[in-house]
Amino acid sequence: MDVNNFITHNQQNSTLDKFILFLFFFFPLFLFSPFLLNASLSLISLYFFYFVFKNKYFIWINDNFVKLILIFWIYIVINSFINFNTSNEIIKSFLYVRFIILFISFVFLLPLLKINLDNLLKIYLIISLIISIDIFFQF
């Protein structure tokens, strides 16, 4: 499968961009492996921060929905300090930020990488159908 088919024709991305595109496209498959899921979450998050600082793209910080999600995350962290005495629960609440960064990456990076969203949705649909059919026949 050629990654260039999933990129719009007005821009060709670098090798690093293509690798991140691969992670975006096959992210639903990584849900079956905790290692692949955490590795892809980490790589996408690191790439997002690399992209933001390299291109000085800080527009996403001013988005109201991002602010709302970050306020909710701060609420979860404060709530874990108040309600839980174990450090394990507090650490877990801090680590929820990776899902926020993943969401922000999806929303703000995909349009900038010039991805053909129709192909992305087709891949997600095919993966979902295969998983649904597999679940149907297993039970």
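Analyst: A residue is called buried when its relative accessible area is under 20% (exposed is over 50%, partly exposed in between; 1.4 Å probe, protein chains only). In helix 1, the buried residues are Asp-17, Ile-20, Leu-21, Leu-23, Phe-24 and Phe-25. Their cover includes helix 2, helix 5 (97-112) and helix 6 (117-138); helices here are DSSP runs of H or I with at least four residues, numbered from the N terminus.

This is a predicted model, where local features need pLDDT of at least 70, side-chain atom pairs need 80 or more, and totals for chains, interfaces and linings use all residues. Residues are numbered from 1 along each chain as its sequence is written, and side-chain values use heavy atoms, without hydrogens or water.

Now for the partner, helix 2. The axes of helix 1 (residues 15-25) and helix 2 (residues 34-55) come within 10 Å and cross at roughly 135°, with axes fitted to C-alpha atoms over the stretch in contact and angles running from 0 to 180 degrees between N-to-C directions.

Which residues of the two helices make the contact? Helix 1 brings Leu-16, Asp-17, Phe-19, Ile-20, Leu-23 and Phe-24, while helix 2 brings Ser-40, Leu-43, Ile-44, Tyr-47 and Tyr-50, where contact means heavy atoms within 4.5 Å.
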